[in-house]
Amino acid sequence: MKLGEDSNGPPESEDFIRAGIRSDLESGMQKPLTRFPPEPNGYLHIGHAKSICLNFGVAEEFGGKCNLRFDDTNPSKEDVRYEEAIKEDVKWLGFDWGGKVYYASDYFGRLYEYALRLVSEGKAYVDDLSTEQIREYRGTLSEPGRESPSRARSVEENMRLLRAMRAGKFDESQYVLRAKIDMASGNMNMRDPVMYRIMKRTHPRTGNSWPIYPMYDWAHGQSDSIEGVTHSLCTLEFEDHRPLYDWFITQLGIYHSRQIEFARLNLSYTILSKRSLMKLVSKGFVSGWDDPRMPTVSGLRRRGYTPESIRNFCRKIGVTKQDSIIDMGFLEHSVREDLNRKAQRVMAVLDPLKVVIVNYPEDQEEEIEAVNNPEDSSMGKRKVPFSRELFIERDDFMENPPKKFHRLSPGSLVRLRYAYIVRCKGF
RNA sequence: UGGGGCAUCGUAUAACGGCAGUACAGCGGACUCUGGAUCCGCUAGUCUAGGUUCGAAUCCUAGUGCCCCAGCCA
């Protein structure tokens, strides 16, 4: 193995995230803590592998830890059966989350207390606008939004309404809790984002104890903070959520995790959106999430990809903020490189062409030694029978060969693998 | 002048202000022992225009192009 090819090691050149963490460490930060936070609403794909390798890799390299956390804040879209599949895939890729699995739902109580606090400080309010009205009031990309009439509600009334929401007194969509920020902000995420929606759904972990569920923006940063995540790595599309991420943490005065964004993986000729992959599965175009044609981790596994090859692929594509599309050939090169080193070789003839060695004794048969892997003698040898009559692949013979044809043709000399040199004297 | 982000060979990714490098792909050779293997070699790039500087991919100014954002999804 050449230097820099260790699939577990850091990349040859340091990316901006590792450089940032190194600098944080140098200026006094203790061990870094990252997290891989999948929503259990589908199987992991090669794009997740990039995130997994980054989060777990960085933690390992800097002597820190990486939490596996299920972002289970929306019971209408999630399913526990995905959790086992996700854990299996992370483990198969070669990463260890240290036994304890974290769940955003474990923080529902804490989150609710935080919300009460923001409401009591006049920084959040209960809104009775309909979904459509909220959209209208939000304005557009180029026009500011308008403030909801509910914004004027008193703190006392907001407290009462939030408690009633939590107590399950209302129907879905009747109310939402919103942060009171800035309806004129150029950043849509700051136009009074919804923190809680009413959802009468049974949650796999909290059962029916919560009729309200936190939105991503309200749950994620606080979950990071509660766990003490130092570096919260996510993809580029969350870049303009960062001001909100920071706003909540600052208002609450809790531990300040830092969100850092990197470009998500795009693969040529490959769809990597859970929504689309889900459609392929649910409409029966493939046999399941682990169909070998799928770009999922489990699909790649069934396809014959090794964890090392995927890890190495992730190392080599790097981590930047540039939108990019990696050539599928690069992924394929990674398995070939790994398998070439590890796979046992055997010979098989798919389309046989009989060859008679005319000067080889009729009744003789000998055993020839063949190496199992030309690049690794420790993989041993095997015996291959050799006799007067044998078969070669039809493609390995041509009656009228082009110039660079190095296989068998009339009059040509060719070495039979592990055995003798033969000349074609007739056919 | 809505906000946020990104520009380096075909692709991806490096380069304290100091020789633009590496990998994949492509092309050409080598190897009578599978090849989609391996080895050797070649091709090919700093978005544009100014400026600062002995010297700019890097700093400054002005442009241009591309991506993301208007879920009670994550």
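Guide: Start with D217, which sits in helix α7. The model is predicted. D217 is buried. Even so, D217 forms no salt bridge. The nearest side chain of opposite charge belongs to R138, 9.4 Å away. A salt bridge would need a side-chain nitrogen of Lys or Arg within 4 Å of a carboxyl oxygen. D217 does have a polar partner: its side chain meets that of H241 in a polar contact of 2.7 Å.

Both residues of that contact also line a cavity. D217 and H241 belong to the lining of the second largest cavity, together with Y216, H220, G221, Y245 and Q259. The space inside is about 30 Å³. The count of cavities of 30 Å³ or more comes to 2. Helix α7, residues 216-227, gives the most to this lining, with 4 residues. By class, the lining holds 2 nonpolar, 4 polar and 1 charged residue.

Now set an open site beside it. The second largest pocket holds about 660 Å³ of space. Strands β12 (381-387), β13 (389-393) and β14 (413-415) each give two or more residues to its lining. The classes here are 17 nonpolar, 1 polar and 7 charged.

Back to the cavity, then: D217 is one of its lining residues, buried without a salt bridge and in polar contact with H241.

How values were computed:
Residues numbered from 1 in each chain as written. Chains lettered and ligands numbered in written order. Predicted model: local features only at pLDDT ≥ 70, side-chain atom pairs only at ≥ 80, totals over all residues. Heavy atoms only, no water. 1 Å grid on protein atoms, 1.4 Å probe; cavity = no way out; pocket = protein on both sides within 12 Å on 5 of 7 lines; lining within 4 Å. Points joined across faces, edges and corners; volume = space filled by probe spheres on them. Nonpolar A, V, L, I, M, F, W, Y, C, P; charged D, E, K, R; others polar. Buried < 20%, exposed > 50% of the residue type's maximum accessible area, 1.4 Å probe, protein only. Lys, Arg positive; Asp, Glu negative; His and termini not counted. Polar contact = N/O pair within 3.5 Å; in protein donor to acceptor, adjacent residues only side chain to side chain.
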